[in-house]
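The stops below go one after another.

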Amino acid sequence: MVFGALGNARAATPATVIRLRADHIEFYYDRDLVEADGHVKVTASNGMTITGDAFSMDLKLNRFLIASHVHLRSRGGNLDGAAIADFLDFNRIYFVPVISKPDRWTYENNDFTHPLKGRQMPGDVFYFPDLSTSHVSLSAKSAVIQAKQYVRFADVRAKFFGQDVPLPSYYVYFGSSQDLEENSLSGASFDATWNATGNANSISALHVRYDEFNRDYLGFEQHFAGNQQHEYAVFSVSPFTKDDRYWNLVTGERVGSKFEINTFTQLYTDQHFLAEPNASAQTTFVTMTQAFHRSSLQVFGFQENYNLIGPSEPYSPNHPTEFTATATSYNNKVFKTPLYLQTYEGIGANHDSYGLQDYGGVLYRTIWNQDVGFTLSLPNVEIGDRNKHYDLYYLNAAVNSQRQWYSVPHHVNSQNSTISLSRQFSRFVNSYLSFNEQNTSDLYLQGGYVSSAPLLPDGTPFTPFEAFHGAASLRTTTLGTTYSASPNLVTTIALTHHQDFPPAFPGLYPQPPTNAIGQYISTNYLGQPPWQLFGEVRARIAPHLVVDLQRGYFFHYGAQVWSPSFVVQISE
Amino acid sequence: MNLQSRLAAILCAFILVAAAAPVTITGQLLAYQDGYVFFTTGDGFRLAPNVVILDEQTKQPAKHAPEPRDYARAVFNAAGEVVEIDLSNKPYPVLPLPEAAQAFAVMASTPYPNPELAPHAPTTANGVPETFTGKLVLVKFEVQVPPTTPINAQVYIATDVSGWNPQAIEMDRIDALHFVAVRRMASGTILHYLYTRGTLQTEEVGPNGLSLKPRELIVYDTDTNSTNSVVDAWADANTNNLLSQPSVFPTPYNPAPFPNLPRGTRTPDP
């Protein structure tokens, strides 16, 4: 039996808060279950107090059960019984009182004074979950549970790689809103998070992290979120135990249904604990988005101070600022063709009082720009017999073209084209062949890039570079295969060939900028090894633990043979 | 004695034995108190004064009194009282009460139907019953990314189950515009999720650039579930933005189209 007529009648009542105490409380993280045994006492925010021998709550189904030697104290008086179940979503409490003999009562809408005696109950109302294949994530002595939001345990012993770790408290958010769990920390190979405490509007978390650059370190994160999913803020500091430290603040605010503003501010300090920093820099991004009918306008602002504390050497004194305003259409279908078209246009400006570009003897401190572009795409073209899924080929293609003019007399043309052919050979094997070409030309009205031959590490000039006059062409061909033996074991391998102009040469080009976990941010950087082979094996070794092994082979490009080391990524 | 007579004799013997067999039920215990034993069906049965509690495996007296969560078999006498309870270490199937035992359940009030309970489980649009037994179901996520997605991009799924970790589920590229991931999930799971490129700044947004409410997936009791999604845009898709993203160690700034020209390359000049 399931709820029928009541399905549309869920009452909008304040979120119930349940305070639970017991001799032994267990939490099953993978199933969102809280189980308790021995001297169970539950106090609910509707004024009801229940004691019993066993407690079971499914946090996602939002219902709980107390069984054996139940004593209910409510506005209806004091009653003894065998079991009671509260279906919080439906405002229905099912009770098996034992007065002269057992009975079945239903309380509607927290009305304890008028039980519906003898009314049929849902068939599974008093079922305990089968825990035979589940593992305990933590045990505790007490818990505070807010329906559909969070559970906060006290006197905790958490399971960590099979070991019991005593903790004063542990907080778990299981609501569906993302605001309270917005992440302000960049990725790490390993992150064990201790949500120390929190409530429906805040979380305080300590992170034990590891990444290739910083090695092991601690980070702290403080989350805030409003009740109506209108605003959030996250503050973090990481690595807290290293001298090079980033202090982040992320905020978001939604005003009405068509406007939102998001900010990201990062303060960098080089300091020992909380001593006066040796160096400090700050970056702020602000993005405002206004939605219109099948289009949007996004205003983006950026400000950065490379040196907040001086001295000017060796740190750069620059403090550049940027703003852009871009109007973008939806990705619209082109009449009845299989093509889709998205267009955009925008204006912007860059400013740095120390100067951005010296051209013709003029130091440009402010550079204005305007741009226009479009993206034309052709997704999901099936080639072959549609009745034979494993014989079908899929063609996908996309072209992006853009021109950007600057107040310095030049403009940049960019074209980015991608085409791929893919096929699912069996339930386990999928392959694709893709080709990508990125053409970028920086064209000056007068002069421009001068032919030159940069010096190689051994001091000889690299003459093929002399043909470069501000136009680069990067061509990438990739053959990739994924073998998915099961959802718990996936192997991928990709062979990539770069045929670029200006041509690559080991050690000639500086490393392009990367993010905190070493991933390249730009896709159009020069000097990529002509041949690359990447392999990855991803295995789920526990219900919430995935180990990801990655390694690359560069076919003896300069000193590069294998990628520096295995990348081991552990995630939930 | 011919074959027909033999069969008749066997049938009679079976009926006599069956008539003598006591009524039993199995299930999980809810409570054992006040002279009654309660099963998780919610039914309470009166205990006989001389009820015995046995270990189902050894048939010896059990070492502890019946407790909630114990699996047990109850044996009734002709008066409908429980005369024997066998406690089991192994789970018994939790089934609706057999008809023979229904009359033995004690209830003070007269039962009456509940109009809020639908007689049959609703079905999905394609006729699959919306039932949830908790069995593990293969769930396939396939997503089409915007055509402006960088060719070297990695795509992930952030979910409410993993605390919105932006790299919770890594997806595998299957062509220029599509990624796929397969997971096993218990039926009944209600998953909220969003696609990301690995960070908060590269999360998916709506076609109008505004942040999205999480997508929702309900895992039904089918052999496989699959979901095909289209990402309209990424949060960092500021198309004329030549800047690097947050979390980057500050680098000298200039709106140049080539981020890593060789050292010593002459800058443009008239």
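Select A:Pro239, which sits in the loop between β16 (231-238) and β17 (244-255) of chain A. Strands here are DSSP runs of E, at least two residues long, and helices are runs of H or I of at least four, both numbered from the N terminus. The peptide bond from A:Ser238 to A:Pro239 is cis, with omega near -10°. This is a predicted model, in which local features need pLDDT of at least 70, side-chain atom pairs count only at pLDDT 80 or more, and totals for chains, interfaces and linings use all residues. Residues are numbered from 1 along each chain as its sequence is written, and chains are lettered from A and ligands numbered from 1 in the order in which they are written.

Go on to A:Pro502, in the loop between β31 (489-501) and β32 (531-542) of chain A. The bond from A:Phe501 to A:Pro502 is also a cis peptide, with omega near -5°.

**Positive phi**

Pick A:His39, in strand β3 (residues 33-44) of chain A. Its phi is near 50°, a positive value in a residue other than glycine. Is A:His39 buried or exposed? A:His39 counts as exposed, because it has 12 C-beta neighbours inside 10 Å. The cut-offs, with C-beta atoms placed from the backbone, are 20 or more other C-beta atoms within 10 Å for buried, 12 or fewer for exposed, and partly exposed in between.

Next take A:Asn110, in the loop between β8 (105-108) and β9 (116-117) of chain A. Phi is near 60° at A:Asn110, again positive in a residue other than glycine. A:Asn110 is partly exposed, with 19 other C-beta atoms within 10 Å.

Two strands count as paired if DSSP finds at least two bridges between them.

**Chain A as a whole**

Zoom out. Chain A has zero helices and 35 strands. Its C-alpha atoms fill a box of roughly 100 × 70 × 50 Å along the principal axes. Of its 572 residues, 34% are buried.

**The two chains together**

Show both chains. In all, 138 residues of chain A are in contact with 95 residues of chain B; contact means C-beta atoms, placed from the backbone, within 7 Å. Which strand gives the most to the side of chain A that touches chain B? Strand β29 (residues 429-444) of chain A does, with seven residues. That side of chain A divides into 58 nonpolar, 61 polar and 19 charged residues. Nonpolar here means Ala, Val, Leu, Ile, Met, Phe, Trp, Tyr, Cys and Pro; charged means Asp, Glu, Lys and Arg; the others, Gly among them, are polar.

**Cores**

A nonpolar core is a set of buried Ala, Val, Leu, Ile, Met, Phe, Trp, Tyr and Cys residues joined through C-beta atoms within 7 Å. The largest has 80 residues, and A:Val34, A:Phe55, A:Ile66, A:Ala67, A:Ala83 and A:Ile84 touch the most other members. Centre on A:Ala67. Beyond its neighbours within four places in sequence, A:Ala67 has contacts that include A:Gly52, A:Phe126, B:Leu30, B:Ala31 and B:Pro68. A second, separate core of 30 residues includes A:Ala397, B:Val155, B:Phe179 and B:Tyr195.

**Chain B**

Colour domain 1 (14-102) and domain 2 (136-234) of chain B; the bounds come from an automatic or database domain assignment. Their C-alpha centres lie 48 Å apart.

Now find the open sheet β10-β11-β7-β15 of chain B, with mixed pairing. Its edge strands are β10 (172-173) and β15 (224-230). Strand β7 (residues 136-144) of chain B runs antiparallel to β11(B), with nine bridges.

Finish on the antiparallel open sheet β9-β8-β12-β14 of chain B. Edge strands β9 (169-170) and β14 (215-218) each have a single partner strand, so one side of each is left without a neighbour in the sheet. Inside, β8 (residues 156-159) and β12 (residues 190-196) of chain B share four bridges, and B:Thr159 has B:Tyr193 as its bridge partner in β12(B).

Methods
Two residues are in contact if their C-beta atoms, placed from the backbone, lie within 7 Å.
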